[in-house]
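Visitor: I am new to protein structures and would like to learn how to read one. Could you walk me through this one, feature by feature?

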Amino acid sequence: MNYFLEIFLGGLTRGSIYALIALGYTMVYGIIELINFAHGEIYMIGAFTALIVASVLTLLGFNTLSVFILALVLAVIYSCCYAFTMEKIAYKPLRQAPRLSALISAIGMSLFLQNYVLLAQTSDFLPFPRLIPDFDFMEPYAHIITTQEAVILITTAIFMTILTIFIKFTRMGKAMRATSQDKVMAALTGIDVNRVISFTFIVGAAAAAVGGVLIASHIGMINFYIGFIAGIKAFVAAVLGGIGSIPGAVLGSFVLGWTESFCTGYVSSDYEDVFAFLFLVLILIFRPAGILGRSESNKV
Amino acid sequence: MKAVLEVKGLSKDFGGLRALNGLDLDVGEGEIVALIGPNGAGKTTFFNCITGMYEPTEGDIFISPTGNGNVKERLQGLKPNQVTAKGLARTFQNIRLFQNMTVLENVMIGRHCRTKAGIARAIFRFASQRREEREIVKKSFEIVEKLGLKQYVNEFAKNLPYGAQRRLEIARAMATQPFLLLLDEPAAGMNPHETDELDELIRKIRKDEGISILLIEHDMKLVMSLSDRIYVLDYGQKIAQGTPKEIKNNPVVIKAYLGEEIDA
Amino acid sequence: MNLFPELRKSFIASLWFMFLTFPIMVIRVNTIENIVEWRWMNLVFVGIGSFFLSWLWRYLLSRKEMGVNKKTDDQDRTSLVSRLMKNKQLIIPAAALLAIFTIIFPHIFSTYQTSIMITALIYVMLGLGLNIVVGLAGLLDLGYVAFYAVGAYAYGLLNYHFGLGFWTALPVGAALGALFGILLGFPVLRLRGDYLAIVTLGFGEIIRLILENWNEFSFGPSGIANIPRPSFFGMDLSIQWATVYIYYIVIGICCITIVIVGRLQDSRIGRAWIALREDEIACQAMGIDKARTKLNAFALGATWAGMAGVVFAAKTTFINPASFTIWESIIILCIVVLGGMGSVVGVVSGALVLILLPEYLRAFSEYRLLIFGAILIFMMVFRPGGIVSDVRRVYRFESSAMDDKPQEYS
Amino acid sequence: MIKGISKMRLITALIVSIIFFGSTGLGFAADTIKLGIAGAHSGDLASYGIPSIKAAELVVKEINEKGGILGKKVEILAEDDVCKPEVATNTATKLVSEGANVVLGHICSGATKAALGIYKDSKIIAMSPSATNPALTQSGEYPNFYRTIASDDAQARLEVDFATNVLKVKKIAVLHDKGDYGKGLAEFAKGFIENSGGKAKVVLFEGVTPGAVDYSAIVQKIKKSGADAVIFGGYHPEASKIVMQMRKKRMKTILISDDGVKDDTFIKVAGEYAEGVYATGPKDVSSNPLAIKATEDHKKAYGSDPGAFFLNAYAAAQALLNAIQKAGSTDYDAIAKALKTEYVDTPLGKIKFDDRGDAIGVGFAMYQVRKGAYAEVK
C-alpha cells in the first residue's frame, strides 16, 4: 500500500509542476488562441534569475530565508517583464495575421530565448542552491514526501485558488473572461484589450516563474534547455484538461502526472512518455475538446 | 403535382428543448414554398435536419427527385455531402463562402459532387480529366454569368459587395445541379432594389432550370410575391399553411407575429 | 518623422532592455567556485544596441502599417516576386538558366556544398508534402516527422533483413508513408485546429519513442548503420561520385514532386482541399466528402515524407531515433509557413532559405540559432503570408459565354 | 521539358536561391598537414567536445614550435557536428573535401558511426578520444577507426566485477538514459550480471527519460525492488538527479556509474549527495609527468581546468601526428602500420593500437567520490 501512496504522491508533485507551467499556456491560449511556444523559456528564465540573485545574495551574506524570498520575488518580476516584452515584440504585431504565422513567431522567440541564455550564461548544467530548507517537522515522513515536494504542492494549491478567485470576482478577471470569449465585443464594451492581453501574459509568466524556482530547487540543477521539455509536457497537460479553461489545465496536469507516475511504477519507465501521449490521443478522440473544455459548436 | 420533398412528423430535441415538434411539410415539383415564423421558431433547425447537419429525433424525410418517376428515398442518416449529391443544395443564413478563393472557384466547388477525377487522373492528366476540367470551368462560368457576377469572376469572394456575395452563394448551390434549392434568408440585409432583383432571379431559376425552391425569409413583401404556398412555424409547431392570400389574413398567424390585441 | 519623440521612445526602450537583461547579461555566476563575474560591458552593448534596434523596429512597423493601408485599396497586391514571374519574357530564359545551373551544380562546387544541397532538397520534398496537409487542406500537422521516420526505417530495416536495394525501397517507403498517413488520419478526422496539432504531435513522439525503446525491432538508440547508397547500375561509387549521383536522384524526385503537387493543386482534389481549409461546413454542404478529402491529404502528404525518409537514409547511411525529433516537424512547418502556404514556389524557396541559411551562418557558429530565431520572428511580423503568398489561378474570358474557351493564364 | 506555367515560376525561384547560396569550392593548400577535429562544439553536449579542440591546439602548438612534421606545419580544421548523426555526415564530407589527412573525432558514438563510412571511403584515419561504443571496433566494419579510450564492455565488466566481488551486493538495479552510449553500457552490464554465476541478480532494468521534470517514480521503483546497488549508464545530469532524489528519500542504495559521470561537474552539481558514488574512468594518470604538463599547459593557456576527455584527446593528437612522423608520409596504410607498431608516449602512458583499433595500455579504473573529489579505489 505504501508503494501505491508514494507513486500517487510522486504523480501529484509532477502534476503540480506541470500545472504551474500549463496555467500560462491555457490563459494565453484562452485570450488570443495562440500556442505560446516560448512559455517554457519564461519558466527557464525565472529559474536562472533566481539562481543568479540567490548566488549574489548568499555572497553578500544574506540569511537563507531572505535569499529565498528575494530570489522568488525577483524571478517573478523578471519573468513577467520578459513575457510582457515578448508579447509586445512577437505577438502584438501579429494580432490580425493568420494564426500559423503567430505560431511560427512563437517558435522563433523560443529558439531566440534559449540561445540568448546559452550564450549569456553557459551551456553546462548549473547546480541550483537549495533555497527551501528541510523543515525538521517533515523529517519522519521524509521517505514518503520531502519538504520540496510538499512546498510545491502547497504553493500550487495556493496559486490556483488565488487565481480562480481573481478570475471570478475581480473586474480584471471579468475583463479577461470577456476578452477570451470575443475580443471584438470586449473592445466595444470599453475593455482595453491590449492591457488585458499583456496582463494575461504577466500572470502566466508569474506562475511559470514560481514553478521555475520551486522545480529547480527540487531537481537541484538547471540549464538553458529545461524549458523546452517541461513546456511540451505542460502544453499537453493544458490541452488534455481542455485548453482555455484554468481548472482544466490543473486537472489535465494532475492526470498527466499520475499517468506518467503509475506507468513508471507499474509498467516501465521506458514507455512513460508513450503512455502519456497515448492517453492524450485517446481522450481527445472521445472528448475532442479535452476533459473540461467547452466544445464550441460553431453555429451553422 | 408530384411532391419532390415529403416530411412526416419531423421532431428535433436539443437536450430538454424540443426545437421542432412533429412538423409535416411537402414541396411540389417546380413549386416555390416559403417557411416563415418569428425568430427561434425552428426554421433553420428544420433546414439542418433536412440537409443532414443534425440528426432528427423522430420523423421521416422522403425525396423523389424530378424526372425519375415516383421513386421515394429516405433521407435521414445521410451525411450533408450525400444529401447534396442526391440533389438538395442549400445556402446559409450567415454567408459561408470560400473567402480566399475566386468567384469562379467557389462555383467550381459546387461541381465537385458531379465530377469524378481522382488523384491518379489529377497527376497524369489524361484526356478525360482535361475534358472534365474544361467542362467544369465552362459550366461554372455559365452559372456565374447567369447570376450576373461576370465582372467579379476573378475577384476573391471576400472582396465582393454584400448583394453579390448572396448571389454567389446561390450560384454555388446551383452548380450542384439540385432539383430542390433550400434558401436560408437570401434577402437578409438587402435593400428594396436588391430584393426585387432577387425576386426576379428566383423566378428565372424556377422557370429556366425547373428547380423547386424552399425558402426561409422574413421579408414579407418578397415571400408574398414569390411563394406558391407558405408554412408558418412558431415554437417548433406548424401553426398554419396555405396560399399567401390565406396566410395574410389568418388570425393565428397575425397573433404569432404581432402579439395579442390588447382591448383598451 | 520628427526627431524628438522618436529619440525619447528609443531612449526609454534602451533603458527598459538594460533593466530587463541586467541579471542574465551582466552577472555570470559560477556556483561551482562561488565567484560572481560582473560584465558591465554587456550592459553598454545592450543599451546602445536596443537604442538603435528599437528605432529601426518602430520605423519598420510604421512602414508596415502604411503599407497595409496602401495594399487594401489597390486590389492586385501581388508581391514583387509573383509579379516578377508573371511577365513572360523573363520566365523562359530564367528557367533555362536554372536548369543548366542545377545540372552542373555538383561539378562546380565541392562535395560538401553538394551534400548540403541534397539535405536542402530533401527538405524541399518534405515541405511540399506538408504543404498539401497544412498549406492546402489547412490541417495543422505537428507530427509530420513520424512519416519521415517511417520511410527512413523502412529502408534501413528492409535492407538489413532482406537486403532491399534503394530503388525497391523507395516505392515501399512511399507506400508505407501513405499507409501510416491514413492510420494516423482516421482518429483525428473530427478534431480541429490546435487539438489536431497536439494529437499529431503526440503521434510523432509516440513513433519516435517506440523506435527508441523497442530494441528488437528497431535496434533502439544505437540505430542502423551502413545503409547502402544507391549503386550506379551495380557499381559501388566513391564518396564524391555517390554524392553526385544522389544529388541527381534527389533533383529528379524533387522535379517530379513539384510537377505532381502543382497538378494536384489545380485539380478537383486540390480545390476540395482548399475549400476544406476555408470552411469545413460549407465544403461538406457543397457535396465534398470531408473524411475522404482529409484522408487523401494526410496520405499524400505522408507519401512524400516516406520517400524523403528513404533518400535521407541512403544519404547519411546511418539512422537513429535522435534525428526524428519534434524539432524536425517544427522546421518543416516553418518552411511551409515561411515560404508561403499553399504555393509550390514559396515552399521550395522557403526550404532552400531555412536549410542553407544555418549552414552558411556556420561562420558565427554559436550565434547561428540565435539569428535563426530572430529571423523567424522578423519574417512573420513583416511578411505573415510568407515569401511568395499564394496567388490563386486566374481565368480570362474575352468573348461572350457560349463559345469561348477559358485561356489559362496565371 | 516540364509543361505548364506554374513550373516556370518555381524554376526561377530555385535559380535565385542557389546562385545566392552557392559559394566557390575551397582550393587545397598542400603545404601543411591537416588535422581535422570533429565533435560537439555547440549545443547541450558542447562540454564534451570543446576540450578536445584545446588539447589538439596545445599538441599542435608544441609540434609546430619544434618545426612541425616531415618539414610541414600542422594545421587544425575544427568542425562542429552538435553530436547529431545527420550533421556529422555533412561535417565529415566537409573535412574530407578540405583535405584533412587525419581526423581527431568524433565525440559521440552515434555521430562517429555516421561519419566513419565517409572517412572509410576516402581512406582517412579517424581517432576518437571519447566514443566508447564497442561495435565501432569489434564489428570490423571500420578498419580506419581508432580510439584512445576503452570500450563500454570493458567499463561494464569492471563495474560488475567491482559490485559483485568487492562490494559483494546481491541485488542490482541497472538503469540507463535511453541514449546509445548509456543503453549500450547498461545492456553489457546486465549481460555480465546475468552470467556472473548467481553472485548477483538484476532486479530492475529500465531507461529514464533525460530532462524529465521529476524522477521520484523511478526512485520509488528502485526502493521497491530492494536493490542494494544501482548501475547507471549515461551522462552526469541524469545520474545526479537520481542520486539526489534517492538520498532525499533517505535511501542508502550505492550508485555505480561510467565515465560519463566521472566528471567534476557531477560532484559540483550533486553537491553533498555525490559523496560515496562510484564511477569508472580512464586509469588515473595524474602521477604521469606528461599528464601533469598537459594540465599545466591547459591552465596556462585557457585559465581553467581541462574538461572531459582532455587527456584522451591530447593522447590521440600525439598518437596521430607521431604515426605520420614515423610513417614518413600521410599515406593511409603507412599511418595504420605505424599506429599498430610504434609505441608513443602520452599522458595516458605508453600506448600502441591493436589491429581492431583499441588502444593497448589504456584501461579503466574505479573511482569513488570522497570528500568532494574522485579518488581511485585500489
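Visitor: How many Å apart do the C-alpha centres of domain 1 of chain C and domain 2 of chain C lie?

Guide: Welcome! Please keep in mind that this is a predicted model. The C-alpha centres of domain 1 and domain 2 of chain C are 41 Å apart. Domain 1 covers residues 3-73 of chain C, and domain 2 covers residues 90-322.

Visitor: How many helices and strands are there in chain C?

Guide: Chain C has 17 helices and four strands. Of its 410 residues, 54% are buried. Now look at contacts with a sequence separation of 6 or more: in chain C, 75% of them link residues 24 or more positions apart.

Visitor: Where in chain C is confidence lowest, and where is it highest?

Guide: Start with the average: the mean pLDDT of chain C is 82, and 86% of the residues reach at least 70. Confidence is lowest in strand β4 (residues 407-408) of chain C, with a mean of 42, and highest in helix α7 (residues 145-162) of chain C, with 93.

Visitor: Let us move to where two chains touch. How many residues does the contact take from chain B and from chain C?

Guide: Chain B gives 35 residues to the contact, and chain C gives 29. On the chain B side, α2 (80-86), α3, α4 (119-124) and α5 (127-146) each supply at least two residues. Helix α3(B) gives the most to that side, with five residues. Sorted by class, the side of chain B that touches chain C holds 16 nonpolar, twelve polar and seven charged residues.

Visitor: Why is helix α3 of chain B said to be largely enclosed by the rest of the structure?

Guide: A general point about helices comes first. An α-helix has 3.6 residues a turn, so residues three or four places apart point the same way. In this case, we count neighbours: a residue is called buried if 20 or more other C-beta atoms lie within 10 Å of its own. Helix α3 (residues 103-110) of chain B has eight of its eight residues buried, so the helix is largely enclosed by the rest of the structure. Among them are B:Val103, B:Leu104, B:Met108 and B:Ile109, along with B:Glu105 and B:Asn106.

Visitor: And strands? Which way do strand β1 and strand β4 of chain B run?

Guide: In a regular strand the side chains alternate between the two faces of the sheet. Here, strand β1 (residues 3-14) and strand β4 (residues 58-63) of chain B run antiparallel and are joined by five bridges. To find the pairing on screen, look for B:Glu6, which stands opposite B:Phe62 in β4(B). Strand β4(B) also pairs with strand β5 (residues 73-74) of chain B, in the antiparallel sense and over two bridges. There, B:Ile63 has B:Glu73 in β5(B) as its bridge partner.

Visitor: Why is chain D described as being as compact as a globular protein of its length?

Guide: Begin with its secondary structure, which comes to 13 helices and 15 strands. The radius of gyration of chain D is 23 Å, close to the 21 Å that the globule rule gives for 378 residues, so chain D is as compact as a globular protein of that length. Its C-alpha atoms fill a box of roughly 70 × 65 × 40 Å along the principal axes. In chain D, 61% of the 378 residues count as buried.

Visitor: What should I look for in the backbone angles?

Guide: Most residues other than glycine have a negative phi, and most peptide bonds are trans. D:Val82 is not a glycine, yet its phi is positive, at about 50°. This residue sits in the loop between β2 (73-80) and α3 (85-97) of chain D.

Visitor: Is D:Val82 buried or exposed?

Guide: D:Val82 is buried, with 22 other C-beta atoms within 10 Å. Compare B:Tyr235, where phi is also positive, near 50°. B:Tyr235 lies in the loop between β9 (229-234) and β10 (237-242) of chain B. With 15 C-beta neighbours inside 10 Å, B:Tyr235 counts as partly exposed.

Visitor: Which residues does the cis peptide bond join?

Guide: The cis bond joins D:Gly105 and D:His106, with omega about -5°. You will find D:His106 in the loop between β3 (102-104) and α4 (109-121) of chain D.

How values were computed. Residues are numbered from 1 along each chain as its sequence is written. Chains are lettered from A and ligands numbered from 1 in the order in which they are written. This is a predicted model: local features need pLDDT of at least 70, side-chain atom pairs count only at pLDDT 80 or more; totals for chains, interfaces and linings use all residues. The radius of gyration is taken over C-alpha atoms; the globule rule is 2.2 Å times the number of residues to the power 0.38. A residue is buried if 20 or more other C-beta atoms lie within 10 Å of its own, exposed if 12 or fewer, and partly exposed in between; C-beta atoms are placed from the backbone. Two residues are in contact if their C-beta atoms, placed from the backbone, lie within 7 Å. Ala, Val, Leu, Ile, Met, Phe, Trp, Tyr, Cys and Pro count as nonpolar, Asp, Glu, Lys and Arg as charged, and the others, Gly among them, as polar. pLDDT is the predictor's confidence in each residue, from 0 to 100. Domain bounds come from an automatic or database domain assignment. Two strands pair if DSSP finds at least two bridges between them.
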